[in-house]
Amino acid sequence: MHYYTYAYLREDKTPYYIGKGTGNRAYVTHKRKNGQDLKPKNKDQIIILKHFDIEEQAYVHEKYMIFLYGLKINGGLLINLTLGGDGGGRFKYSSE
């Protein structure tokens with residue numbers, strides 16, 4: 001399988017979201033629980049950062065890029081909810 005990291009860019013070309021995906025993940029709807037869709041409307045604001053053959057390497061790169069740009073809640077640029085590498089989209093959280 002082929003993996004990659006990607007960024008969603010603001011109109012000024014600064015990143016606001018970094019992710020890891022396969023297939024067309026970077027180009028499909030990214031809805032948060034509040035209904036907000038993170039994916040930009042303009043495909044020119046989606047860039048593939050790097051390609052990988054090994055998933056773990058893609059996770060490491062995702063974490064590195066999030067570290068570089070920082071989370072907005074900590075004064076950085078990104079609206080990511082985590083520091084990356086956790087495959088957040090695959091987990092289901094219980095109420096416990």
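The legends below describe close-up views of a predicted model.

**View 1. The largest nonpolar core.** Eight residues make up this core: Tyr-4, Tyr-6, Tyr-8, Tyr-16, Tyr-17, Ala-26, Leu-38 and Ile-46. Strands β1 (3-9) and β2 (15-21) each supply at least two of the core residues. The most comes from β1, which gives three residues. A second, separate core has seven residues, among them Leu-9, Ile-18, Leu-71 and Leu-78.

**View 2. The tyrosine cluster.** Tyr-4, Tyr-6, Tyr-8, Tyr-16 and Tyr-17 are linked into a cluster by ring pairs. These five tyrosines also belong to the largest nonpolar core. Over the whole structure, the search finds five aromatic pairs.

**View 3. Surroundings of Leu-38.** Leu-38 is one of the eight residues of the largest nonpolar core. Leaving aside residues up to four places away in sequence, Leu-38 touches Tyr-8, Tyr-16, Tyr-17, His-30, Arg-32 and Ile-79. Among these contacts, Tyr-8, Tyr-16 and Tyr-17 are members of the ring cluster.

**View 4. Gln-45 in a loop.** Gln-45 sits in the loop between β2 and β3 (46-52). With a relative accessible area of 12%, Gln-45 is buried, because buried means under 20%.

**View 5. The salt bridge between Lys-20 and Glu-55.** One salt bridge is found in a search of the whole structure. Lys-20 and Glu-55 form a salt bridge in which the closest N and O atoms are 2.7 Å apart. Lys-20 is in strand β2 and Glu-55 in helix α1, so the pair ties together parts 35 residues apart in sequence. Side chains of opposite charge can pair when their charged atoms come close. Lys-20 is buried, at a relative accessible area of 15%, whereas Glu-55 is partly exposed, at 24%.

**View 6. A nonpolar patch on the surface.** Tyr-64, Phe-67, Leu-68, Tyr-69 and Leu-77 form this patch, and together they have about 520 Å² of accessible area. Tyr-69 is placed in helix α1 (residues 55-69). The relative accessible area of Tyr-69 is 33%, so this residue is partly exposed.

Technical notes. Residues are numbered from 1 along each chain as its sequence is written. This is a predicted model: local features need pLDDT of at least 70, side-chain atom pairs count only at pLDDT 80 or more; totals for chains, interfaces and linings use all residues. Side-chain values use heavy atoms; hydrogens and water are left out. A nonpolar core is a set of buried Ala, Val, Leu, Ile, Met, Phe, Trp, Tyr and Cys residues joined through side-chain atoms within 4.5 Å. Buried means under 20% relative accessible area, exposed over 50%, partly exposed in between (1.4 Å probe, protein chains only). Helices (H or I, at least four residues) and strands (E, at least two) are DSSP runs, numbered from the N terminus. Contact means heavy atoms within 4.5 Å. Rings of Phe, Tyr and Trp (its six-membered ring) pair if their centres lie within 6.5 Å; planes under 30 degrees apart count as stacked, over 60 as edge-to-face and the rest as tilted. Patches are made of residues with over 30% relative accessible area and no salt bridge: like charges are joined within 9 Å, nonpolar side chains (Val, Leu, Ile, Met, Phe, Trp, Tyr) within 5 Å. Accessible areas come from the Shrake-Rupley method with a 1.4 Å probe; for residues, only the protein chains shown count as cover. A salt bridge is a side-chain nitrogen of Lys or Arg within 4 Å of a carboxyl oxygen of Asp or Glu.
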